[in-house]
Structures are given as C-alpha cells and as structure tokens.
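Dear colleague,

Please find below the sequence and structure that I am handing over to you. A summary of the findings follows.

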Amino acid sequence: MKYAILGDIHGNLEALEAVLARARELGCDHFACIGDIVGYNANPHECLEIFRGLDPVGVVKGNHDEYISNGEETIGFNPMAARAVEWTREQLLDEELEWLAELPYTKICTAPGFGRFQLVHATLDHPEGWGYILDRFTAETNFEYQHFAICFVGHTHIPVAFEKNNGIKGGPFSGTLQLERNRKYLVNVGSVGQPRDGNPQAAFVEFSPEEMKVTLHRVDYDMEATCRKILSADLPPRLAERLAVGR
Ligand SMILES: [Fe+2]
C-alpha cells in the first residue's frame with residue numbers, strides 16, 4: 001500500500017487532476033489531505049467533490065477551510081484573502097460548508113506494518129493557532145508534541161523535512177527521504193494548488209510505509225486554464241500571477 005498525501009489544494013482543479021494522475025501511476029491507493037482544500041483558486045466545489053470521492057483515510061482542517069466554513073466576517077484579512085474567502089463561500093453547497101466545518105484539526109492514521117502517523121495543517125502544539133513551521137526551531141516545538149514516527153503538515157506551501165534523532169536536522173525537501181526506525185520525522189508536503197517555494201509545479205508526497213520512504217513529487221499542470229478561470233470568476237488577478245512564479 002502507498003499513500004498520496006496532498007496539501008493546500010486551494011480549489012485548483014487542474015493541479016489536483018494532474019497530481020492524482022501521477023499518484024495513480026505511482027500505485028498510490030490511499031489518500032490523505034493536510035487541509036485547505038478550498039480558497040484562492042476557482043474550483044473549490046469540484047476539488048471537494050473529487051477529493052471526498054477518493055474515500056480518504058484522513059483529512060484535517062486548514063485555516064481557509066475554517067474561514068470559509070465558519071461564516072464569520074473577514075475583518076483583519078488582507079483584501080485579496082477576504083475576496084477569495086467570500087467568493088468561495090458563495091460557490092459551496094451548505095452540505096460542503098458543514099463538512100468543512102466539522103473537519104478535525106489533527107488526525108491519527110495507522111499504516112499496517114509501520115504504525116501510526118499524524119496529520120495536522122499547521123502545528124501540533126497549537127493546531128488551531130495556525131503557526132508556521134519554517135526552520136529547525138519551530139520544528140523542535142512541534143516534535144515536543146509529536147508522539148508518532150511521522151507527522152505530515154502543510155500551511156506554508158513550502159516543502160520541508162526534519163528528522164529528530166539526537167538532534168534535529170533538515171530543511172527544504174525534494175527527492176526521497178529514507179526513514180529509519182526510532183527516529184521522528186516532520187514533513188511539509190508542499191502545495192498542490194498554490195506552491196510558494198519558487199517552483200510553480202504542483203507538489204505532493206508519496207508515502208510508502210513498506211519501503212519506509214517519503215518522496216516529494218512535482219507535477220506540471222494546465223496552469224493557463226487555472227489562471228483563465230481565476231480571471232473570469234473576477235477573483236483578484238494577483239492570484240493568477242502568483243501561480244506562474246510559485247510564490
Ligand atoms: Fe494554505
């Protein structure tokens with residue numbers, strides 16, 4: 001069995017379809033998401049429908065999932081984020097908003113032969129506080145709350161991986177991470193729908209518990225179609241511009 005762990009899909013249908021096609025080619029047969037299925041891009045409803053249809057083993061709530069589903073005013077948001085939240089609310093069915101509102105902040109999953117692993121959008125120490133894991137120091141705080149061998153996170157849209165053995169090492173993540181027993185790992189799976197590490201390709205993680213491997217994949221997708229939809233939906237043009245530069 002292999003997992004595809006997706007994060008920060010953010011309503012980008014073309015990126016989600018390209019990622020799922022690659023995941024299936026790789027033989028991924030289980031799916032999980034570390035949150036923010038919706039927000040920013042123009043196909044939140046379609047992305048929800050497709051991802052829920054995969055019968056995922058775990059999905060946790062992201063900050064955009066929360067903002068969009070809680071119905072509260074967007075006071076204090078920057079104008080671009082506020083517009084995206086309000087627009088996305090209008091696109092979703094009541095049932096979809098309720099589903100998002102009921103997502104848990106963290107989820108523990110079990111991989112047969114490997115053991116348990118955990119999903120959280122932001123940080124384990126305060127999942128609903130939406131803090132960022134950017135470096136060794138913020139990773140260290142998270143490890144203090146991490147009881148299982150591996151934890152997958154998102155939120156920054158920047159793939160990173162940290163290993164805790166005697167000390168903590170790690171940083172930007174690409175390629176394959178070989179897991180060792182009796183160590184702990186913290187992996188940011190990157191963003192499917194709005195990468196911010198300077199690489200505009202969609203990102204996701206393949207997790208093979210049998211091989212003890214975690215691999216970051218990057219996938220081209222039809223970004224022009226995504227951008228056209230953003231502009232014709234009257235979402236802020238900056239949301240299209242940033243996709244092309246991966247920021
Ligand atoms: Fe996000």
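Predicted model: local features only at pLDDT ≥ 70, side-chain atom pairs only at ≥ 80, totals over all residues.

The metal site

The iron ion is held by Asp8 (OD), His10 (NE2), Asp36 (OD) and His157 (NE2), with distances of 2.1 to 2.5 Å. The angles subtended by these four donor atoms run from 86 to 176°, which makes the arrangement irregular. Along the chain, the donors follow the spacing D-x1-H-x25-D-x120-H. Because His10 lies in the loop between strand 1 and helix 1 (13-25), and Asp36 in the loop between strand 2 (30-33) and helix 2 (44-53), the pair ties together parts that are 26 residues apart in sequence. Both His10 and Asp36 are buried.

An open sheet of six strands is present, in the order 3-2-1-11-12-9 and with mixed pairing. Its edge strands are strand 3 (58-59) and strand 9 (175-178), each of which pairs on one side only. Within the sheet order, strand 1 and strand 11 pair in the antiparallel sense over three bridges. Tyr3 stands opposite Phe207 in strand 11.

The aromatic residues

Tyr3 and Phe207 also belong to one aromatic cluster, which they form with Phe114, Phe117 and Phe152. The model contains eight aromatic pairs. In one of them, the ring centres of Tyr3 and Phe117 are 5.2 Å apart and the planes stand at 75°, so the pair is edge-to-face. Tyr3 in strand 1 (residues 3-6) and Phe117 in strand 5 (residues 115-120) are 114 residues apart, and the pair thus links distant parts of the chain. Tyr3 and Phe117 are both buried.

How are the rings of Phe117 and Phe207 arranged? Their centres lie 5.3 Å apart with the planes at 80°, so this pair is edge-to-face. Since Phe117 lies in strand 5 and Phe207 in strand 11 (residues 202-208), the pair ties together parts that are 90 residues apart in sequence. Phe207 is buried, as is Phe117.

A further contact involves a charge and a ring: the charged end of Arg242 sits over the ring of Tyr40, at 5.7 Å from its centre.

Yours sincerely

Notes. Residues numbered from 1 in each chain as written. Heavy atoms only, no water. Phe/Tyr/Trp six-rings, centres within 6.5 Å; stacked < 30°, edge-to-face > 60°. Helix = DSSP H or I, 4+ residues; strand = E, 2+ residues; numbered from the N terminus. Buried < 20%, exposed > 50% of the residue type's maximum accessible area, 1.4 Å probe, protein only. Lys NZ or Arg CZ within 6 Å of the ring centre and 35° of its normal. Donors = N, O, S within 2.8 Å, 3.2 Å for Na, K, Ca; no water. Tetrahedral: all angles 85-135°; square planar, octahedral: opposite > 155°, others 65-115°. Pairing = 2+ DSSP bridges.
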